[in-house]
Amino acid sequence: LEYIAGNGVPDLILMDLNTPFLTPEEFITQMRAFPQGGETPVIVVSGKSDIDEYAQRLGAKDYIKKPFDLDPLLLKIQRSLN
């Protein structure tokens, strides 16, 4: 969030659910409050089995389960940016 405050919202956020300072919900809520933050796609990265439902509740554009191969991640990134 400090980066976003000083540099603006990035084009895409890859977000692991194991965050040290904020819950994923807190991060998403605060990020969405920035100008253009509501338009930034978020891809959730997690090893949780129920990640699909959780990512939807967060308002994430997509998700990927750990461990993952690079090609599926790159495809998700490309889809999220188009």
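First, the ground rules. The model is predicted, so local features need pLDDT of at least 70 and side-chain atom pairs count only at pLDDT 80 or more, while totals for chains, interfaces and linings use all residues. Residues are numbered from 1 along each chain as its sequence is written, and side-chain values use heavy atoms, with hydrogens and water left out.

Let me start with the elements. The chain has four helices and three strands, and from the N terminus they come in the order α-β-α-β-α-β-α. Helices (H or I, at least four residues) and strands (E, at least two) are DSSP runs, numbered from the N terminus.

Now overall size. A compact globule of 82 residues would have a radius of gyration near 12 Å, and the chain agrees because it has 12 Å. That radius is taken over C-alpha atoms, and the globule rule is 2.2 Å times the number of residues to the power 0.38. The C-alpha trace spans about 30 × 25 × 20 Å along its principal axes. Of the 82 residues, 34% count as buried, meaning under 20% relative accessible area, with exposed over 50% and partly exposed in between (1.4 Å probe, protein chains only).

Next, the sheet. It is open, its three strands are in the order S1-S2-S3, and the pairing is parallel. Two strands pair if DSSP finds at least two bridges between them. The edges are S1 (13–16) and S3 (62–65), each pairing on one side only. Neighbouring strands are turned by 25° against each other on average, direction ignored. S2, residues 42–46, pairs with S3 over four bridges, and valine 44 has tyrosine 63 as its bridge partner in S3.

What lies across the sheet? Helix H2 (residues 24–32) lies across S1 and S2, at about 160° to S1. Helix H4 (residues 70–81) lies across S1, S2 and S3, at about 175° to S3. Axes here are lines fitted to C-alpha atoms, for helices over the stretch in contact (heavy atoms within 4.5 Å). The angles run from 0 to 180 degrees between N-to-C directions.

To get from S2 to S3, the chain passes through helix H3 (residues 51–58) in a right-handed β-α-β crossover. Right-handed means that, with the strands pointing away from the viewer, the path from the first strand over the helix to the second runs clockwise.

Now the serine. Is serine 46 buried or exposed? Serine 46 sits in strand S2 and counts as buried, because its relative accessibility is 5%. Leaving out residues up to four places away in sequence, serine 46 touches Leu17, Ile51, Ile64, Lys65 and Lys66. Tyrosine 63 is 17 residues from serine 46 in sequence, and 7.8 Å away in space, C-alpha to C-alpha.

Lysine 66, one of those contacts, brings us to the last item. The peptide bond joining lysine 66 and proline 67 is cis, with omega about -15°. Most peptide bonds are trans. Proline 67 is in the loop between S3 and H4.
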